[in-house]
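Here is a short tour for anyone with the model open on the screen. Let us look at the domains and then at the ligand site.

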Amino acid sequence: MTRRWPAPGHPAILRTSGVRLAALGAAVAAMGAVIVFVVIYYGTLGSLRQTLDASVTNEIGEILPQGTATPSAEAAGAIRAALAEKPFRIFYALAGPNGAALAGNLRLPLPAPGWHTLDAPHAGGFAPGVTELRVLVIRLRDGASLLVGVDGTMIHRLNALIRRSFLIGFGLTLSLGLVAGIGFGRKALARVNAVSLASREIMAGDLSRRIPLAGTGDEFDRLAETVNAMLDRMQHLMENLGAVGNDIAHDLRSPLARLRETLELAQRDPDPAAAGDAIAEAIAQVDGALALCGAILRLAQIETGARRASFSDIDLSDLLDRLVETYETVAEEAGHNLVAHVPRSLSIRGDAQLLNQMFANLIENAMTHAGEAARIALVAVAAAAGVVVRLEDDGPGIAPEQRGAALRRFGRLDPARHRPGYGLGLPLSAAIAELHDAAFTLDAAAPGADRPGLAVTLVFPAGDASRPG
Ligand SMILES: Nc1ncnc2c1ncn2[C@@H]1O[C@H](COP(=O)(O)OP(=O)(O)O)[C@@H](O)[C@H]1O
Ligand SMILES: [Mg+2]
């Protein structure tokens with residue numbers, strides 16, 4: 001009952017751009033055909049007619065040696081002489097002032113003076129094979145009328161031939177153009193329909209659906225590639241968003257459970273002095289939970305890429321120097337040794353606050369996880385690939401098969417579980433690196449050694465020129 005318009009999957013093909021383009025092309029080609037037709041038609045027929053007219057004028061000159069002053073009797077004589085010599089090549093009619101025929105090989109009422117094209121009055125023609133005449137009629141001074149004509153059948157035939165050729169060519173051009181246009185239109189429509197179908201399935205909830213590529217590398221494929229890349233990114237973000245909700249719920253459970261336990265114990269404790277301690281501990285636990293929420297939210301925000309809008313030119317050397325200065329004393333007090341080698345004026349584009357946080361995370365990881373009296377080295381260098389920053393320690397490092405787990409949210413490896421932390425430092429750092437288009441890799445600082453240590457390498461893309469804006 002309900003009328004759906006336009007029916008999905010069958011939009012009017014005539015409205016597709018392919019058909020419109022083809023129609024335009026066909027129209028232009030048809031215009032060209034018209035121009036060619038006009039040029040050939042008037043060029044060929046015009047010059048043919050000129051040739052015929054010239055021979056008529058010539059002949060009249062011979063029949064009328066004194067022009068219109070020639071007496072009609074003399075003209076009649078000349079006509080008879082000419083007819084005896086070249087019968088039926090040329091047509092003559094001489095009529096007296098009263099219309100009576102005086103001489104000639106044509107019997108017909110003479111038209112008014114001037115040029116005419118005469119069609120044969122009957123199927124037999126004026127003579128065998130002559131159906132059209134090109135004639136000139138002249139009035140002589142003595143009142144007689146002279147008609148001289150030549151065979152114009154050629155003009156007639158040529159005229160018909162040119163018209164027919166034109167109509168065929170014109171029709172073919174138009175119809176071929178339209179057929180090709182409908183073909184292209186259908187093809188384009190099929191591609192667009194595939195995109196619509198995929199989009200509808202995606203809207204219906206299948207986020208993993210992608211637009212199919214034809215493999216031709218044409219503009220549709222390029223568009224589909226771009227849209228697919230966008231969908232990849234969106235799917236990633238959606239999954240992250242879902243994961244963040246889960247993570248928060250999941251990871252707030254244990255701090256909240258601990259908090260509840262603390263409060264319950266305090267409630268049961270009859271000693272009022274213990275209440276103060278319990279409250280202090282509860283506050284510390286709530287602070288921990290808040291820090292956890294903050295870290296999760298920051299991670300989610302970084303992964304959306306929104307912070308990229310606030311990117312500016314950063315003096316990375318300066319940033320690293322200040323960071324090392326801050327951590328040197330902390331490291332020393334904890335019994336570690338932090339050394340840095342950073343050349344002058346390394347520059348990248350980025351968000352200073354996030355970069356600070358990333359390097360601080362990595363240095364803190366080394367101080368927390370590399371064991372007692374760790375040696376921590378920060379080295380930066382400008383290479384062809386870009387600005388390389390490498391942070392090494394001489395701790396136990398992370399075994400290659402565990403690096404994935406360490407990079408995962410809340411991923412904490414066995415020996416680290418009893419140390420403070422939420423397992424968000426590495427994923428946060430990796431996300432910040434990705435936001436900066438920097439390659440982020442974990443490997444061993446001294447492969448094969450007893451304590452291989454961890455080396456974190458960051459490669460920031462080279463040069464500002466490659467980045468618009
Ligand atoms: N420098 C390092 N040396 C050895 N292990 C490390 C190092 N940095 C990180 N790790 C391991 O990777 C895990 C994840 O690190 P991270 O995400 O920063 O979480 P957290 O530091 O809160 O435990 C750590 O729990 C630890 O097991
Ligand atoms: Mg950490």
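## The model

This is a predicted model, where local features need pLDDT of at least 70, side-chain atom pairs count only at pLDDT 80 or more, and totals for chains, interfaces and linings use all residues. Residues are numbered from 1 along each chain as its sequence is written, and side-chain values use heavy atoms, leaving out hydrogens and water.

## Domains

The domain assignment, which is automatic or from a database, gives domain 1 (1-209), domain 2 (219-304) and domain 3 (310-461). Taken over C-alpha atoms, the centres of domain 1 and domain 3 are 87 Å apart.

## Around ligand 1

Ligand 1 is surrounded by 19 residues (those with a heavy atom within 4 Å of it), and the closest are Asn 365, Asp 393, Arg 412, Gly 423 and Leu 426. By class, this shell holds ten nonpolar, seven polar and two charged residues; Asp, Glu, Lys and Arg count as charged, Ala, Val, Leu, Ile, Met, Phe, Trp, Tyr, Cys and Pro as nonpolar, and the others, including Gly, as polar.

## Polar contacts

Now for the polar contacts (pairs of N or O atoms within 3.5 Å). Gly 423 instead uses a backbone N or O atom, 2.8 Å from an oxygen atom of ligand 1.

Technical notes
Chains are lettered from A and ligands numbered from 1 in the order in which they are written. A polar contact is a pair of N or O atoms within 3.5 Å; within protein, one must be able to donate a hydrogen and the other to accept it, and residues adjacent in sequence count only if both atoms are side-chain atoms.
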